[in-house]
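Reader: Could you take me through the helix packing and the core of this model? I would like the cut-offs stated as we go.

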Amino acid sequence: MSRPFISMLLSALLLMACGGGKITGNTATEGTPVSLSYAKGFGLSHAPHYTIVTVYNPWKPGEVYDTYYLVKHDSISVPANGHKVKIPLESLMVNSSTHLGFLDMLGELERITGVSSADYVYNPYIRQRLADGKIKDLGDSFDLDIENLLLLHPQAVMTTAYNADDENSKRMKQTGLALLYNIEWQERSLLGRAEWIKFVAAFFDKEALADSLFNDVEQRYLAIRKQASDLPGRPSIFSGQDFRGTWSMPGGQSYTAQLFRDAGSAYHFANDSTTGSIPGTIEEALMTFSIADIWVGTQAASLQELGDTNIKYRLFKAFREGKVYNYNKRSTPSGGNDYWESGVARPDLLLKDMAKVCHPGLFPDYELTYMEPLKID
């Protein structure tokens, strides 16, 4: 298809009413349900001629966000209240790097033909295919190059969803491409996020493999948690740094606070009910955490760099004792960071890192995967 034709087609699509609204009803119950251990945001069930994948609306409990009927043959008829998707998928555009870890574990990276915000991708295989021209960068994930997406014409687009129908989302729907809503980020637990590998695997007819992979991750995570909980003493910990006058601390029900707890550390806001962040100032952070043992999640590479950013950082005990860590061990100069990429699918490694930081003697032969101590200049 020529670019002028694509532009005309896109203009026509934008004038059409979008039929991709929210769907009510619980279609996952139409077949035989698949039991999920932690994930609450999606459902799987098997009917005689297709697999049903249901994504639930995290902002409106009891409502379905979207439904997919996965078929192996185009001739199979499916109900009209969802989208028919032929599996296994042969090509896929990925609109969030957080989904790459799942695809990597499943051995399906070669199916990716397009990504968004390529500078923020860490995965070396994907970066090489981008350099070789085998994967196309479609720009900002919140403002995709829809014309080039149409030219690329992947079989499906794996994307995330937000609590708003923004213009970018509407334009994506109007392309007519199958949009697979992977909203793992809305789960309340790390293992809940990781269990979305079963959602991804369904589109590649690899449910059995996903079950095996997730079970391994789960068992390793639980074993590490048990080891950390059995240790005497819980070092105090805090996270982040000042950004334009605001210091955002992890809420007590956030992923980071869960890591702190499961790694056997003590966190001041552990009993807080917030799932997001708790805003404060550097002065408030000093009042609460000045004598905390461990400081994680800074952006600096060295203590000198951190101290030069704000002289008040030098007042923290963790700074003075050199117990400050970032999450940048596996990162690229352009901003890609594997902590936020493969770490979504591997919470066992996230926990092992955090447990090692909190209890250095726990895993004497283990080398940190995502975290690293700030260099002492």
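**Helix packing and core**

Author: Helix 8 passes helix 14 in a left-handed crossing, meaning that the near helix is turned anticlockwise from the far one by less than a right angle. Helices are DSSP runs (H or I, at least four residues), numbered from the N terminus. This is a predicted model, in which local features need pLDDT of at least 70, side-chain atom pairs count only at pLDDT 80 or more, and totals for chains, interfaces and linings use all residues. Residues are numbered from 1 along each chain as its sequence is written, and side-chain values use heavy atoms, without hydrogens and water.

Reader: At what angle do helix 8 and helix 14 pack?

Author: The angle is about 20°, and the axes of helix 8 (residues 207-229) and helix 14 lie 8 Å apart. Axes are lines fitted to C-alpha atoms over the stretch in contact, with angles from 0 to 180 degrees between N-to-C directions. The two helices are therefore roughly parallel (under 35 degrees).

Reader: Which residues touch the most other members of the largest nonpolar core?

Author: They are F203, W295, F316 and M354, out of 103 residues in that core. Such a core joins buried Ala, Val, Leu, Ile, Met, Phe, Trp, Tyr and Cys residues through side-chain atoms within 4.5 Å; buried is under 20% relative accessible area with a 1.4 Å probe, protein chains only. Helix 14 (residues 347-358) gives the most to this core, seven residues.

Reader: And helix 9, how many of its residues are buried?

Author: Six of the eight residues in helix 9 (residues 255-262) are buried, including L259 and F260. Just after helix 9, G264 has a positive phi of about 80°.

Conventions
Buried means under 20% relative accessible area, exposed over 50%, partly exposed in between (1.4 Å probe, protein chains only). Angles under 35 degrees count as roughly parallel, over 145 as roughly antiparallel, 65 to 115 as roughly perpendicular and the rest as oblique.
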